[in-house]
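Please examine the structure shown below together with its sequence. The report that follows describes selected parts of the model in turn.

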Amino acid sequence: MKEYTFEQRERIIQRKRKKKLKRIRKIFFMIITFALLIGIAYEVFKNIGTGFSIQDFKQPISNVKRYDNSSHIENTRYLVEDTNLTDWRLILVNRWNSIPDDYEVELTQLSNGQSVDSRIYSELQEMFDAARADNIYPIVASGYRTAEKQTSLMEEKIADLKASGYSDADAKEEAETWVAITGTSEHQLGIAVDINGDGIHSVSKKVYKWLAENSYKYGFILRYPGDKTDITGVSNEPWHYRYVGTDAAKEIYENGLCLEEYLEELQ
Ligand SMILES: [Zn+2]
């Protein structure tokens, strides 16, 4: 048996200690890497699941699709004829129900130049303050629109389509599946807003998630949920929020309704 001096033994112990430390460090880094990979996989999976990306700004402002479901059309027509609407917050405007000719709106301008009905301004402000307190930074990408503005959006869309080879008739038909016909856009009411992320502190997807969970507290509803397309006539628009007041918003949120269904229930 070999005899070690005191120094030699100390050195052996030191070496063993270093090896052990190395092993611990290795395990630690493996855990960190593993956690990171799980995190990345989760984010990727989430994006696939929701189907929209950071580029939501570039999506059409109004994505109206055609539906030939006549029972729903009847349903909605019935609604507007029979709903004795005295509450401005519950006015129904969709592809089957135009804005009344005598509709008037008093506007308040936001800091970025967009405008909204003055009656929704304070709750919109409150909602944005609450979002920012949660580190979510929304912007109003589009608020009130005049009939002229809505018409020019439609004309732009038609021109784009014609430029890409559509005939006059086809371009018009296709454009109407993307942009609401003048008189049927909630933006002309001034109580609907398209909300996105500011693109600096928040991506739109995060903003949409926050709004979906919190907007009802401030009287706003997700107006076109993806699973109500056959009733609203508009496909999923996670950015389009409509003011209905806190009571209606709470009921719509808690029962998973769209505005058309809620109004039907009221009768
Ligand atoms: Zn909108």
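In this predicted model, Met154, Lys157, Ile158, Leu161 and Lys162 of helix 4 meet Asp168, Ala171, Lys172, Glu174 and Ala175 of helix 5. Two residues are in contact if their C-beta atoms, placed from the backbone, lie within 7 Å. Helices (H or I, at least four residues) and strands (E, at least two) are DSSP runs, numbered from the N terminus.

Residues are numbered from 1 along each chain as its sequence is written. Because the model is predicted, local features need pLDDT of at least 70 and side-chain atom pairs count only at pLDDT 80 or more, whereas totals for chains, interfaces and linings use all residues.

The model also contains an open sheet of 4 strands in the order 3-4-6-5, with antiparallel pairing. Strand 3 (138–142) and strand 5 (220–222) stand at the edges with a single partner strand each, so one side of each has no neighbour in the sheet. Two strands pair if DSSP finds at least two bridges between them. Strand 6 comprises residues 240–243 and is joined to strand 5 by 3 bridges; strand 4 and strand 6 also pair over 3 bridges. The table lists residues that stand opposite each other.

| Residue | Opposite residue in strand 6 |
|---|---|
| Ala192 | Arg242 |
| Ile221 | Arg242 |
| Leu222 | Tyr241 |

From strand 6, His240 and Arg242 point one way and Tyr241 and Tyr243 the other, and all are buried. A residue is buried if 20 or more other C-beta atoms lie within 10 Å of its own, exposed if 12 or fewer, and partly exposed in between.

Ala192 lies in strand 4 (residues 192–197). Ala192 counts as buried because it has 24 C-beta neighbours inside 10 Å. Not counting residues up to four places away in sequence, Ala192 touches Glu186, His187, Arg223, His240, Tyr241 and Arg242.
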